[in-house]
Amino acid sequence: MSSTSSFLKQPKSVWAVAFACVIAFMGIGLVDPILKPIAEQLHASPSQVSLLFTSYMAVIGVAMLITGAVSSRIGAKRTLLIGLAVIVVFSALAGLSNSIGMIVAFRAGWGLGNALFIATALATIVNSASGSVAEAIILYEAALGVGIAAGPLVGGELGTISWRGPFFGVAVLMTIALGATAFLLPASPPENRRTSIVEPLKALRHRSLATVAVTALLYNFGFFTLLAFTPFPLAMTARQIGLIFFGWGLALAITSVFVAPRLQKWFGTLPVVMTSLLLFGIDLAVMGVYADHKAVLAIGVVVAGLFLGINNTLITEAVMGAAPVERSTASAAYSFVRFSGGAVAPWLAGKLGEEINVHVPFYVGAGAVLLAVGVLATGWKPLAHLRVPANHSEIEAEAVTVGDA
């Protein structure tokens with residue numbers, strides 16, 4: 001049987017979780033097209049609106065410390081259902097909000113639900129899918145790619161009706177996913193070994209893991225400057241911004257799934273990550289120089305997707321082999337540092353744009369990404385095993401889960 005036919009012949013329970021994955025990953029770029037309309041209609045500044053990303057990431061970062069503990073105690077299915085229910089409630093409440101403060105608060109609740117769901121989604125698909133693990137991962141990566149690419153497009157279209165549209169859209173789709181998962185996914189018992197919330201913090205004692213985590217924290221400054229601030233100098237309609245970020249998501253999905261594994265096989269993980277970070281930093285710097293030119297910004301956003309797709313896949317996979325700890329523990333430690341520390345980036349970008357000019361946020365983002373290259377270079381010896389060419393590994397999809405949550 002071919003990989004394609006095995007990919008399609010899956011139990012209904014797998015398709016239910018895969019559908020929920022698509023919607024969950026749509027949340028990454030869903031709000032980009034409506035940032036400016038929210039600012040205009042609720043009389044908020046760019047830095048205030050950017051807190052939608054800050055609260056979301058901060059909660060995801062902290063929640064990653066508890067997702068393993070929760071899942072190991074109540075089982076994967078209950079964790080998925082709780083995560084989906086939380087997303088439904090808080091995305092709907094965000095759509096009903098009348099102030100930027102309320103949206104920021106409800107977006108934080110959305111982040112908690114997303115962390116609970118995403119942390120267990122891949123394992124659920126792998127355990128429930130027919131065929132090999134590799135074929136299950138193909139399905140998962142396809143769901144991830146569709147979600148990342150579709151998020152800005154759906155957000156842009158619904159945003160033409162109202163800035164509330166994308167929030168209500170997520171609530172409706174996640175309700176469907178919640179029902180399908182509840183009825184179609186078999187019950188899963190708690191794990192024999194219960195995970196402790198302090199294990200990820202202890203794992204950061206390993207220099208190699210801490211090096212990669214700090215690298216990701218710095219890279220996040222550039223990543224979320226791009227996502228949270230660029231819609232303001234673009235000053236376009238929700239649909240136009242949605243189309244631009246659709247191009248970004250499509251580029252990210254293609255390089256993440258198809259290009260990153262090949263580059264890894266040819267050159268090794270560490271050299272490819274350092275190169276992609278360097279190119280992303282240069283891209284941000286060019287966007288800073290030409291921040292007054294919408295065409296350059298639009299092209300810069302799409303081009304950034306090419307580098308981000310490669311980086312998100314490989315740098316997060318590097319975490320999995322960076323320390324002698326369980327994959328889930330390493331992922332939680334990495335995400336805690338990356339998201340909790342990087343949560344300030346969206347707000348800072350907006351504030352710099354307000355207080356100084358629209359060029360400075362891109363320069364700061366570029367500087368942080370280039371500094372990330374330097375930090376990663378300090379781990380050249382401890383991460384020596386990542387410098388050699390290697391085949392695509394089955395843990396890449398698990399890595400991408402955490403990288404893009």
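Visitor: Among contacts in the protein between residues at least 6 apart in sequence, what percentage join residues at least 24 apart?

Guide: The share is 88%. Contact here means heavy atoms within 4.5 Å. The model is predicted, so local features need pLDDT of at least 70 and side-chain atom pairs count only at pLDDT 80 or more, while totals for chains, interfaces and linings use all residues. Residues are numbered from 1 along each chain as its sequence is written, and side-chain values use heavy atoms, with hydrogens and water left out.

Visitor: What is the mean pLDDT of the protein, and where does pLDDT stay under 50?

Guide: pLDDT is the predictor's confidence in each residue, from 0 to 100. The mean for the protein is 84, and 87% of its residues reach 70 or more. Over residues 394-405 pLDDT stays under 50, and the model has 52 contacts beyond four places in sequence for them.

Visitor: How many helices and how many strands does the protein have?

Guide: There are 19 helices and zero strands.

Visitor: Why is Ser97 called buried?

Guide: Buried means under 20% relative accessible area, exposed means over 50%, and partly exposed lies in between, with a 1.4 Å probe and protein chains only. Ser97 has 0% relative accessibility, so Ser97 counts as buried. Ser97 sits in the loop between α6 (76-96) and α7. Leaving aside neighbours within four places in sequence, Ser97 is in contact with Met102, Ile103, Phe106, Trp163 and Arg164. The C-alpha atoms of Ser97 and Arg164 are separated by 8.5 Å, with the two residues 67 apart along the chain.

Visitor: What makes Gly109 buried or exposed?

Guide: Gly109 has a relative accessible area of 9%, and therefore is buried. Gly109 belongs to helix α7 (residues 100-128). Apart from neighbours within four places in sequence, Gly109 is in contact with Val86 and Phe90. Ser91 is 18 residues from Gly109 along the chain, and their C-alpha atoms are separated by 8.4 Å.

Visitor: How do you know whether Thr124 and Ser13 are buried or exposed?

Guide: Thr124 has 6% relative accessibility, so Thr124 counts as buried. The value for Ser13 is 8%, so Ser13 counts as buried. Thr124 is found in helix α7, and Ser13 in helix α2 (residues 12-26). With neighbours within four places in sequence left aside, Thr124 is in contact with Val17, Ala76, Leu80 and Leu185. Not counting residues up to four places away, Ser13 touches Ser128, Leu184, Leu185 and Pro186.

Visitor: What makes His43 and Ala235 fall into their accessibility classes?

Guide: His43 has 73% relative accessibility, so His43 counts as exposed. Ala235 has 35%, so Ala235 counts as partly exposed. His43 is found in the loop between α3 (35-41) and α4 (46-49), and Ala235 in the loop between α12 (231-234) and α13 (238-267). Although not a glycine, His43 has a positive phi of about 55 degrees. Ala235, also not a glycine, has a positive phi of about 50 degrees.

Visitor: Of the residues of the protein, what percentage count as buried, and which members of the largest nonpolar core touch the most other members?

Guide: Of 405 residues, 59% count as buried. A nonpolar core is a set of buried Ala, Val, Leu, Ile, Met, Phe, Trp, Tyr and Cys residues joined through side-chain atoms within 4.5 Å. The largest has 116 residues, of which Cys21, Ile38, Phe117, Phe167, Met174, Trp248 and Leu308 touch the most other members. α11 provides the largest share of this core, 14 residues. Beyond four places in sequence, Phe117 is in contact with Val17, Ala20, Cys21, Ala24, Leu80, Gly83 and Leu84.

Visitor: By class, what residues make up the lining of the second largest cavity?

Guide: The lining has seven nonpolar, two polar and no charged residues. Ala, Val, Leu, Ile, Met, Phe, Trp, Tyr, Cys and Pro count as nonpolar, Asp, Glu, Lys and Arg as charged, and the others, Gly among them, as polar. A cavity is a set of points, on a 1 Å grid over the protein atoms alone, where a 1.4 Å probe fits but cannot get out, and lining residues have an atom within 4 Å of a point. The lining includes Phe221, Thr225 and Gly365. α17 gives the most to this lining, with four residues.

Methods:
On a 1 Å grid over the protein atoms alone, a cavity is a set of points where a 1.4 Å probe fits but cannot get out, and a pocket is an open set with protein on both sides within 12 Å along at least five of seven lines; lining residues have an atom within 4 Å of a point. Helices (H or I, at least four residues) and strands (E, at least two) are DSSP runs, numbered from the N terminus.
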